[in-house]
Amino acid sequence: MKRYFITGLLIWVPLGITAWALRFLIGTMDQSLLLLPENLRPEAFVGVYVPGVGTVLTLLVVFLTGLLTTNIIGQRLVIFWEGVLWRIPVVKSIYYGVKQVSDTLFSSQGEAFRKALLVQYPRKGSWTIAFMTGHPGGDVANHLKGDYVSVYVPTTPNPTSGFFLMMPKSDVIELDMSVDAALKYIISMGVVAPSNGKKDANQSQAALLHGSGAASSASSDKS
């Protein structure tokens, strides 16, 4: 009975967490319907709450915003809007701080969270996975002698919290591992072990070639 119960948990726990996460995301994005007048909301037409309509509206607004800001007129509107926010003391600090972080994270040319690293933390001899976020800048770089990198060490099982460190580049090991695989490894507390990167891929390719060669040899023997 214990084995059956654990097997059932292994089925339902991932499904339950996935359903909870989707419900949270959809419920959050559905809040965009509150911006519409009550007579234009789905409840006014069908009489009941329809989940997901706000999600579609949110995604549509984000897409149209990106589409409009790619032309000259849209870029001028963004510059005008940022100029207005720049004149508001508290809003200026919050907006530009968040904007700088988001531009760094989502930029296709940036190096933030593009590489998984192996570092010694919190002491020598203890190893953990970290992510490269860039290089030290400003006056901080003037006080660091040598080649340093900025890394983010996430906590387990919640990788959204962690520690920001600046370490010598010689003290970090770049892993042949994708960021997604590293996150799974961290969230699972080491239970879900990642593949061995290129080594496993080379072994699979070699096995495939060996199988093809064996099949060719067998065909030749039959002929």
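Predicted model: local features only at pLDDT ≥ 70, side-chain atom pairs only at ≥ 80, totals over all residues.
Trainee: Let us begin with the strands. In which sense do strand 1 and strand 2 pair?
Mentor: They pair in the antiparallel sense, over 5 bridges. Strand 1 covers residues 116-120 and strand 2 covers residues 127-134.

Trainee: How many residues lie between the strands of that hairpin?
Mentor: There are 6 residues between strand 1 and strand 2. Within this hairpin, Gly125 adopts a positive phi near 100°.

Trainee: Which strand 2 residue stands opposite Leu117?
Mentor: That residue is Ala130. Leu117 also has a bridge partner in strand 5, namely Glu174.

Trainee: And how do strand 1 and strand 5 pair?
Mentor: Strand 5, residues 173-174, pairs with strand 1 in the antiparallel sense over 2 bridges.

Trainee: What about strand 3; how many bridges join strand 2 to it?
Mentor: There are 3 bridges between strand 2 and strand 3, and the two run antiparallel. Strand 3 spans residues 148-154. Here Gly134 stands opposite Ser150 of strand 3.

Trainee: Back to Glu174, please. With which side chain does Glu174 meet in a salt bridge?
Mentor: Its partner is Lys115, at 4.0 Å from N to O. The pair links distant parts of the chain, 59 residues apart: Lys115 is in the loop between helix 5 and strand 1, while Glu174 is in strand 5.

Trainee: Is Glu174 buried or exposed?
Mentor: Glu174 is exposed, because its relative accessible area is 54% and the exposed class begins over 50%. Lys115 has a relative accessible area of 32%, so Lys115 is classed as partly exposed.

Trainee: What is the salt bridge count overall?
Mentor: The count comes to 2 salt bridges. Besides the pair of Lys115 and Glu174, Lys99 forms a salt bridge with Glu82, where the closest N and O atoms are 3.3 Å apart.

Trainee: Is Glu82 buried or exposed?
Mentor: Glu82 counts as buried, because its relative accessibility is 14% and the limit for buried is under 20%. Lys99 is partly exposed, with a relative accessible area of 27%.

Trainee: Changing topic to pockets: what volume does the second largest pocket have?
Mentor: The volume is about 210 Å³. The lining includes Leu64, Thr65, Asn71, Gly74 and Trp81.

Trainee: Which helix gives the largest share of that lining?
Mentor: Helix 4 does, with 5 residues. Helix 3 (53-68) and helix 4 each supply at least two residues of the lining.

Trainee: Finally, the surface. Which residues make the nonpolar patch of about 590 Å²?
Mentor: The patch is made by Phe5, Ile6, Leu9, Leu10, Val13 and Ile17.

Trainee: Where is Ile17 placed?
Mentor: Ile17 is in helix 1, which runs over residues 2-29. Ile17 is exposed, with a relative accessible area of 53%.

Conventions:
Residues numbered from 1 in each chain as written. Heavy atoms only, no water. Patch = residues over 30% accessible without salt bridge, like charges linked within 9 Å, V, L, I, M, F, W, Y side chains within 5 Å. Areas by Shrake-Rupley, 256 points an atom, 1.4 Å probe, with all protein chains shown as cover. Helix = DSSP H or I, 4+ residues; strand = E, 2+ residues; numbered from the N terminus. Buried < 20%, exposed > 50% of the residue type's maximum accessible area, 1.4 Å probe, protein only. Pairing = 2+ DSSP bridges. 1 Å grid on protein atoms, 1.4 Å probe; cavity = no way out; pocket = protein on both sides within 12 Å on 5 of 7 lines; lining within 4 Å. Points joined across faces, edges and corners; volume = space filled by probe spheres on them.
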